[in-house]
Amino acid sequence: MSEENKSSLDSLTALCKRRGFIYHSSEIYGGMPGFWDYGPLGCELKANVKQAWWQFTVRGREDVAGLDATIIMHPKIWKASGHLDTFADPMTMCKECKKLMRADQIADILAEQKKKPVAHNPEGTLSCPYCGGEMTEPKPFNLMFKTVVGPIDDPSNIAYLRPETAQAIFAQFQNVTATSRMSVPYGIAQMGKSFRNEVTPRNYTFRSREFEQMELEFFIRPDEAVEILHGHVVTLADNPDLDGPVQDDWGWEVWHKYWVEQRKKFLNAVGLPTDRFVEYWQKPDELAHYARACVDIEYDFPFGRQELEGIAARSDFDLSQHQKWSGESQMVFDDPLKQAAKKMDDGAKKAFIAKVQAEWSSRGKDPEAAEKFCLALFDGKYIPHVIEPSAGVDRLMLALLCEAYEEQKLVDDKGKDDVRTVLHFNPKVAPVKVAVFPLIKKDPDQDRIARDVFKNLQKKVNCVWDVSGAIGRRYRRQDEAGTPWCITVDAQTVQDGTFTVRERDSMEQKRMSYAEFLAMMYEALEF
Ligand code: ATP
């Protein structure tokens, strides 16, 4: 981290503490690494980020349903998903200073501390970035937190705090499909807490041990089903219009790119300009064995460019695994597919099976399984494939805070240099939308009208009331909280009902009526 970036992160952290965005968890007992609490402004920001995601992903669409599942679930879920066996980081310990760290993060820690001298290890093995001591051989360390369900502390009662929200979606796929009256292609979304016993929680809230995720599993037909239905499969080479309505003949590749674009639109809408993040397309050797593609959206945090969220094309891996481990079918019945297959004669079906077998063989998959798969398709049955946009609430909040934070150099009315600390939040996520002030608090008319305005606005959005100090100081307090508008009731309000609205970013003041203000505010808050 450059000195400049470090100091901007330090200033942001200080502001977040001072203004009640983020505190160390259990601070009076010395805190807990990797655990953070959100204060009065932080919890409003968080609620707005989650609400924006829900609006954009669920309510604003016709093809996504919601879910709110438990944090502790049947432990077999984690066996089926692979988390019990493979959800591990390589952990290593310094033999000298006994510090624990992730072996794959030593290079990052060294880069961050490039000014600190690190003693050279003569054997050329891993050296501790803190004292130069020799490190132990890296060992896999499972990141899931264990707990015991029920009164008997026995291995048979071990359960886990979920390390992601996604698996509950797969486990409830059949229930949601049956009750939501939706059919593939459609999605299930969930937001909520996840827990990972991260070896080295770092970079403020970026890598925490308790955090929240916002995940969507968007289920699609396998390309082979699209082929039967439409006689073709649209790929990216066909240049599909990803801004228009979704299309039934899209293949997985198009759906994946569509969701990458949707996620970028969402990030834009909540306040991250497009030029502040990049798409990182994972290389074939970086992909999980079941994944067909994975894009990380990376943001330039003050501590470097890091993953903000990911969008993965996970094939039918998860539902297939749950079918295998639970013994419950995870197939769907797709009537239009069955009807389309009925129109194929035996020759066409044979040719189709041969084509799928050849394609599967080229990917090292079993041709016999390909035939079984095709026969099920002719009956209108398959296990859906899935596109997974997966985002972290806390990571997005951190990016929004970093993006919004500015120490603005100004010259005041008397020509003196001044610094204004401001959080330029998009109004949609700003913790407080409006602050209301009577210009002169002792003026009973101003006080009464301002209170009326405040009470009315309070029924609609989060507002604050402030009467203490000069008006300029009141504005500055709101700038630090990121409040987009301040309403000041003055002598003219008593005459004609208009008040001044001071806009946070431009600092311009405009006179308007209550109705004009509401119209402007609603427009800015709408998705
Ligand atoms: P990383 O490589 O940073 O550990 P990951 O690839 O394991 O992340 P996923 O499992 O894909 O992350 O999780 C999806 C999203 O959940 C991430 O993009 C991030 O926004 C969020 N997330 C994951 N782990 C954490 C964490 N420890 N603290 C905060 N947010 C997290």
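These notebook entries record what I looked up in a predicted model of one protein chain.

**Entry 1, the whole chain.** I began with the overall content and found 18 helices and 23 strands. The C-alpha trace spans about 85 × 65 × 50 Å along its principal axes. I then looked up burial: of the 527 residues, 49% count as buried, taking buried as under 20% relative accessible area. The accessible surface comes to about 25,700 Å², and carbon and sulfur atoms account for 51% of that surface.

**Entry 2, contacts and charges.** I considered contacts between residues at least 6 apart in sequence; 65% of these join residues at least 24 apart. For charge, I noted 69 positive and 81 negative side chains. The centres of the two sets lie 4 Å apart.

I traced an open sheet of seven strands, in the order β3-β9-β10-β16-β13-β12-β11, and its pairing is mixed. At the edges stand β3 (64-66) and β11 (277-281); each has a single partner strand, so one side of each is left without a neighbour in the sheet. From one strand to the next, the twist averages 25°.

I next examined β12 (residues 293-301) and β13 (residues 304-313), which pair in the antiparallel sense over nine bridges. Within this pairing, glutamate 298 stands opposite glutamate 307 in β13. I also looked up what packs on the sheet and recorded helix α14 (residues 393-404). Helix α14 touches β10 (210-220), β12, β13 and β16 (385-392). The direction of α14 makes about 40° with that of β12.

Note on methods. Residues are numbered from 1 along each chain as its sequence is written. This is a predicted model: local features need pLDDT of at least 70, side-chain atom pairs count only at pLDDT 80 or more; totals for chains, interfaces and linings use all residues. Side-chain values use heavy atoms; hydrogens and water are left out. Two strands pair if DSSP finds at least two bridges between them. Helices (H or I, at least four residues) and strands (E, at least two) are DSSP runs, numbered from the N terminus. Axes are lines fitted to C-alpha atoms, for helices over the stretch in contact, and angles run from 0 to 180 degrees between N-to-C directions. Contact means heavy atoms within 4.5 Å. Buried means under 20% relative accessible area, exposed over 50%, partly exposed in between (1.4 Å probe, protein chains only). Accessible areas come from the Shrake-Rupley method with a 1.4 Å probe; for residues, only the protein chains shown count as cover. Lys and Arg count as positive and Asp and Glu as negative; His and the chain ends are not counted. The place of a charge is taken as NZ of Lys, CZ of Arg, CG of Asp or CD of Glu.
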